[in-house]
Amino acid sequence: MVRAPEGISKEESMLLSYLGGGAKRSMEDICKALGIDQSAAASYLEGLENLGAISIQRSKQYDIQLTEEGKKDIQEGFPEERLIGSIAKSNGLKISGSIDSIALGWARKNGWVTVESGTLKLTDSGKSAVGKAYPYRELLSSLEKEAGSTLIEKLIKEDKNKIGELSKRGLVTIKERNQISSISITDEGRKLLASKPEEMITSLSRDIIKSGAWKSSKFKSYNVSDPTERAYPARMHPSHRFFNYIRSVFSGMGFSEVEGPIINNAFWNFDALFSPQDHPTRDMQDTFFLSNPKEIDISDLEVLGRVRRMHKKGWKSAWKESLAKQALLRTHNTVVSVKNILKYGNLDSSVYPVKLFSLGKVFRNESIDYKHLNELNQLDGIIIGNSLTLSNLIFTMREFYSYLGIDVKFKPSYFPFVEPGMEGYYYNKEHNDNIELFGGGIIRKEITKAMGTNKTVLAWGMGLDRMMFDYVETSSLSEIYRNQVGWLRNFRYKKSM
Amino acid sequence: MAVITFALGDIEKHISKDKFAELAERIGMEIEGITDRDISIDITPNRPDLLDFNGLIRALSYMSGKLKPDKDAYRLKEGTALRIKVSADVKKVRPYIAAMVVKNIDLSGNRLKYLIDFSEKLSDTYGRKRRKLALGIHNLDTIDASSGLVYGASSEGRIMPLGGTKEMSFSEVMEENRKGMQYKNTIANKAGLVPFLSDSKNVLSVIPLTNSEITKVTESTRSLLVDITGTDMKTVNDTANIFACSFMDMGAEVYGCEIDYGKRQVTTPSPEYRELRLRLYKIEATLGINMDNTSAIGLGEMMGYPGAQYGNSVLFYIPPYRVDVLNEQDIIEDIAISYGYNNIIPEPIFHPIAPSYPSQITKLSDFVANVALGHGFTEEINQVLTNEETNFTNMGISNPDKDKVIRIAYSKTENATMLRTDVLPSLLKSLGISTSEPLPQKVFEVGETFSINSGKVFENISLAMATEHSKATFAEIKSVAESIMGSLGMEYEIKAGTNPSFIEGRCAAIEVNGETVGFFGEIHPAVLNNFKIEEPVAALELILIKDIKY
């Protein structure tokens, strides 16, 4: 706690007392007396001046610097002087390109030369100027001599125009600045000094709180509009938040979440889903096959046999186990769904329908740009039950999307693992286009049979990344997964979830 | 999926462009683009018949009711037009062929272009880039069929390729001809046998590479020989039927050809309607729509199936070009399509009240994320695809054990050659691109990490945290690490650790039951340099679940 007149700080109060003696003081005096540096002193002075407690006398200071050319001209004479010197010597000079145009310009301006049939001649005043003191040179050398002296201000005021010419010719640079020459206290300041000092609390401390000292003093007030440092809260990644939102909608509809591995063999990713072995999506161009491990064994031989039969019967072509063992990164989460059909296909009939979803990364061997990522997030869902129909799937999808405020429409589509197959879409006003939402249908009987169940399975899959454009302000998908810290701190949500 | 383009003028002779778009979407095909000159449409792979202009118009005309199906619509003309003998050699490399003769065909306007587009797209998709299936279309008038044709295979022979000016040997075709170079891998075999079709004088085609210039078809050609060859008999015969129907829809006459396989002789094509029985209750069981005979027959007709009542079933006659329809289930899908998916009344699923469960991984990840957020760390989600530079080199790991890394065989981008083994490199990479942001920067991620050991794949869930500012130290990250371990309720020990990514002597290992599960400490300045980070970083990497059991 310090004692200081109301409204001024301890330091300001000390400064005011120092000036209270009445003498005019310089900046250096103040810094020395108070033991503070110039920038601190300047800030206190500004505060006191604003209160009208002190008066500050300011004077002009000049920084004068002669250029190399300026220094040379003092020594050797100005170009126009040298020009008339040489005309005088040779009694006339033929005009040619070798004559310095600056020298010629000034010589004419001074009225020193005329031109007679292509030859420069001196005028009378030119003749008298030869060898005499040249006022510009005089001025330039006195500027050099008097730099820093008290005469300089007078000199600069009187010869303003000439100095302007010198500076235009690049012979000298002059910078003007205001400087505090003296500081004195005002009547207002004396009043302030005389006012009874008060106990002011600047920062609250344990002592002040415990002792009750705060009861007898005031708090120094802050300028509430002073800028402060920006705070950055820790934030959840927007896709984590969005995925949890989607999870909550499905769990609200009675779905449990299941997981499955990212690294699979082609058997689960393709063959178990009735995708023919010569199908184009099984190309290296579209799928990330692995070189380590190259293959993953198919452990369930019974399922292997049934899948083999399904392919032979369905596609009427040879089926190679070696192709099915190829290791890859899953291209869709339907691979998790089909494994769960196997797992949940033969339970006690009272547990049906079994409703499951999985949410996770899927991979496509794509070239990446602002629209395409090779690592995507998908949600796949299944309902396993005894008598399920396409109309049940339509109901489920409509419920889900209506929760998100989307009016979903349905149309037929083709995926090798469902029949009938469908696609959900909605009309987007902004793009004046139908935007795809999900693909799904009833899992083919061939597949459910190969998974050892006679149940009906409704299934669908949806990409989640693109949906985020409705919730997160961003220019591209890649921005969301680039994790630039500035973006993570500043992105905004467009919609609540 | 294959995109095919038709001129608006041709379509509008049959149907308005708006109606075309509406009906095409209704049968499940997507309009890719409409300009004032043409329409592009994406055809799903189950409907090769729709890659054809005639096939598409036919399907839409059934759907709109303009055309009524007739099970006698497609009849071959009487008599066999020609005979093709299949040699023993070709049976080893490309065993099947079907062929037909087409007369009085009009190929003017865009008709020839559509025919070629159709056969190209079909061989590309359905035919798996000509490996499984390829078509040859020849001008019949240029062929001497008097003593039959030969479908054979040989390593030697000569042909003047389509568009060429000189005769080439088979091997020259494969090495110098554009199509030859493109498709030669489809017939690669040890004996170097190249399938061909020839008449008594000339080689008509080197299959599936090129036809002969001699049999070239133009817009004024009136008679065709069409051959379809491949490795799968059903695909070859199906395709022959699709084309036969298309030619007849164009008003041409189609004659069968006899294929002589030696032991047996068959006539192709065989564009016959097949009978399939649809039980009405199956419609309700699959679609949830109660339907009588009359409506089922009406809906079948919209898909081009003539139908007749048969007790509580309908007998449908499946057109020869609908090679995708094999069973009852396939018809039901078509019934759903003509009914209209948006007309199906949504039915809720009734079931007993049962709890729903979150997954174990989601539960744990959410829990750890909340603790990390509570410590003031901002969450990142990074890609798990990475490369050696980010995952190892930049982390100061000079000789990683490559056998323990999940590696991608072929990637279109150099940023994705492997799966990350740790999360920390992802965080350091993001700090490296964020140097203009005010400090401190504190980030974390809970995510998948991967490794492989003696053939056993490990998928793990790991946590990494990093704090960057001028006074980031071992002590700061140690406090956080202990707090995390404490909140996980794990018994752990902290020991001096050795890890090239950290400053020696300022790195600790976290051990649980004697096994190292993580590291923390001050990141080595060489690593900071590699990631272009300009201030000190203290960080932590911890495996939360090792080898997830699914």
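A residue is called buried if 20 or more other C-beta atoms lie within 10 Å of its own, the C-beta atoms being placed from the backbone. By that criterion, 46% of the 550 residues of chain B count as buried. The model discussed here is a predicted one.

**Overall form of chain B**
- Chain B contains 16 helices and 28 strands.
- Its radius of gyration is 33 Å, well over the 24 Å that the globule rule gives for 550 residues, so chain B is more spread out than a compact globule.
- The C-alpha trace of chain B spans about 95 × 65 × 50 Å along its principal axes.
- Of the contacts in chain B between residues at least 6 apart in sequence, 71% join residues at least 24 apart.

**Two helices of chain B**
- Helix α2 (residues 17-26) and helix α3 (residues 53-64) of chain B pack with their axes 10 Å apart, at an angle of about 90°.
- Angles of 65 to 115 degrees count as roughly perpendicular, and α2(B) and α3(B) are therefore described in that way.
- On the α2(B) side, B:Lys19, B:Phe20, B:Leu23, B:Ala24 and B:Arg26 take part in the contact, meeting B:Leu60, B:Met63 and B:Ser64 of α3(B).
- Sorted by class, this contact has five nonpolar, one polar and two charged residues.

**Domains of chain A**
- The domain assignment of chain A gives domain 1 (2-60 + 180-219), domain 2 (65-176) and domain 3 (239-490).
- Between the C-alpha centres of domain 2 and domain 3 of chain A, the distance is 89 Å.

Technical notes:
Residues are numbered from 1 along each chain as its sequence is written. Chains are lettered from A and ligands numbered from 1 in the order in which they are written. This is a predicted model: local features need pLDDT of at least 70, side-chain atom pairs count only at pLDDT 80 or more; totals for chains, interfaces and linings use all residues. Axes are lines fitted to C-alpha atoms, for helices over the stretch in contact, and angles run from 0 to 180 degrees between N-to-C directions. Helices (H or I, at least four residues) and strands (E, at least two) are DSSP runs, numbered from the N terminus. Angles under 35 degrees count as roughly parallel, over 145 as roughly antiparallel, 65 to 115 as roughly perpendicular and the rest as oblique. Two residues are in contact if their C-beta atoms, placed from the backbone, lie within 7 Å. Ala, Val, Leu, Ile, Met, Phe, Trp, Tyr, Cys and Pro count as nonpolar, Asp, Glu, Lys and Arg as charged, and the others, Gly among them, as polar. Domain bounds come from an automatic or database domain assignment. The radius of gyration is taken over C-alpha atoms; the globule rule is 2.2 Å times the number of residues to the power 0.38. A residue is buried if 20 or more other C-beta atoms lie within 10 Å of its own, exposed if 12 or fewer, and partly exposed in between; C-beta atoms are placed from the backbone.
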